Amino acid sequence: MAKMSIKIPILMYHDIELGNPEYDRTEIEDRPYVLPEPQFEEQMKFLSEQGYRTVSLVDFVSHVKSNNPLPEKSVIITFDDGHISNYLKACPILKKYGFKAVFFIVAGFVGRRGMLTWDQIRDMANKGMEIGSHTLTHSPPSKLSNEELEYELKESKRILEDQLGQEVKWLSSPTGYYNRAIESIAKDVGYEVVCTSKFGVNSRNSNLFSLKRIAIKRSYSMADFESLIRFESFTLLQFKVGELFRSNLKKILGMRLYEIIRKQLLNLQMRSPKNSFLK
């Protein structure tokens with residue numbers, strides 16, 4: 001019975017710092033998601049030492065649909081966007097600790113400066129990493145018509161499958177946005193999972209088309225990271241309050257004004273998320 005109720009965090013990463021200005025993303029709105037390499041390795045070392053095991057989305061879907069058991073200390077690691085650092089930095093560290101991850105690729109960005117190439121993505125897949133779609137152009141779903149959204153989801157899936165020679169069943173929604181249209185369209189075009197950026201952990205009762213994740217940012221201390229992984233109540237409450245605050249602020253201000261204000265505040269400070277609800 002305990003196996004049925006285990007909580008499974010899905011960690012959301014983006015870039016690992018390369019120390020190369022030609023490839024590192026330096027835009028102020030991106031910097032919170034660019035982790036220094038030692039920080040990422042320290043987190044993976046902690047997970048390994050604490051006995052965590054990475055599970056695939058294949059395993060998680062089987063757990064949800066068929067109640068197939070998972071290790072009690074299970075974690076799913078994901079990367080969004082397809083930055084070249086995923087291959088150069090993240091993959092070697094993951095391999096060092098015996099971990100695997102899911103890499104969500106923006107199909108239309110492959111091969112651009114600073115982004116993964118098809119050869120690198122194929123190599124990652126051949127080494128046991130899971131590959132998912134992050135749509136075709138990373139356009140915010142909230143700004144797309146249903147027809148445009150369907151094209152983004154269907155075309156990215158087609159391109160990834162053509163290039164990899166394997167089925168692509170996982171989708172990460174740009175900006176972490178979720179609504180019923182995304183779920184319906186994702187189902188229609190053949191996805192089995194949609195990952196959002198809604199904060200929280202998952203269980204066997206989770207909606208596979210609205211999975212929660214924990215975004216890992218460079219401002220997080222190891223104490224923050226450990227609290228999140230251990231589901232410490234006070235830490236989870238802090239983050240949930242912050243998410244609710246941001247969500248309401250977006251509705252009040254609108255996304256355009258919200259992003260303008262967020263960028264200005266990020267220019268002023270880039271500290272712990274506990275000190276800024278807008279991060």
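Histidine 138 is placed in the loop between strand 7 (130-133) and helix 5, where helices (H or I, at least four residues) and strands (E, at least two) are DSSP runs numbered from the N terminus. The structure is a predicted model, in which local features need pLDDT of at least 70, side-chain atom pairs count only at pLDDT 80 or more, and totals for chains, interfaces and linings use all residues. Residues are numbered from 1 along each chain as its sequence is written, and side-chain values use heavy atoms, with hydrogens and water left out.

The phi of histidine 138 is near 65°, a positive value in a residue other than glycine. Most residues other than glycine have a negative phi. With a relative accessibility of 25%, histidine 138 counts as partly exposed; buried means under 20% relative accessible area, exposed over 50%, and partly exposed in between (1.4 Å probe, protein chains only). Threonine 175, in the loop between strand 8 and helix 6 (180-189), likewise has a positive phi near 65°. Its relative accessibility is 48%, so threonine 175 is also classed as partly exposed.

Glutamine 166 occupies the loop between helix 5 (146-164) and strand 8 (170-172). This residue is partly exposed because its relative accessibility is 32%. Apart from neighbours within four places in sequence, glutamine 166 is in contact with Ala125 and Glu161, contact being defined as heavy atoms within 4.5 Å. The C-alpha atoms of glutamine 166 and isoleucine 131 are 9.5 Å apart in space, while the two residues are 35 residues apart in sequence. Aspartate 119 belongs to helix 4 and is exposed, because its relative accessibility is 56%. Between aspartate 119 and leucine 164, 45 residues apart in sequence, the C-alpha to C-alpha separation is 9.4 Å.

The second largest pocket contains about 180 Å³ of space. Pockets were identified on a 1 Å grid over the protein atoms alone: a pocket is an open set of points with protein on both sides within 12 Å along at least five of seven lines, and lining residues have an atom within 4 Å of a point. Grid points are joined across faces, edges and corners, and the volume is the space filled by probe spheres set on the points. The lining consists of Tyr87, Cys91, Pro92, Lys95, Phe99, Lys100, Asp123, Met124, Lys127 and Met129. Helix 3 (85-96) and helix 4 (118-126) are the elements that give two or more residues to this lining, and helix 3 gives the most, with four residues. By class, the lining has six nonpolar, no polar and four charged residues; Ala, Val, Leu, Ile, Met, Phe, Trp, Tyr, Cys and Pro count as nonpolar, Asp, Glu, Lys and Arg as charged, and the others, Gly among them, as polar.

Cysteine 91 is buried, because its relative accessibility is 11%, and cysteine 195 is buried with a relative accessible area of 0%. The count of disulfides is zero, a disulfide being a pair of cysteine sulfur atoms within 2.5 Å.

Overall, the protein has nine helices and 10 strands. Among contacts with a separation of 6 or more, 66% involve residues 24 or more positions apart. The accessible surface of the protein comes to about 13,300 Å², with 49% belonging to carbon and sulfur atoms; accessible areas come from the Shrake-Rupley method with a 1.4 Å probe, and for residues only the protein chains shown count as cover.

Terms used
1 Å grid on protein atoms, 1.4 Å probe; cavity = no way out; pocket = protein on both sides within 12 Å on 5 of 7 lines; lining within 4 Å.
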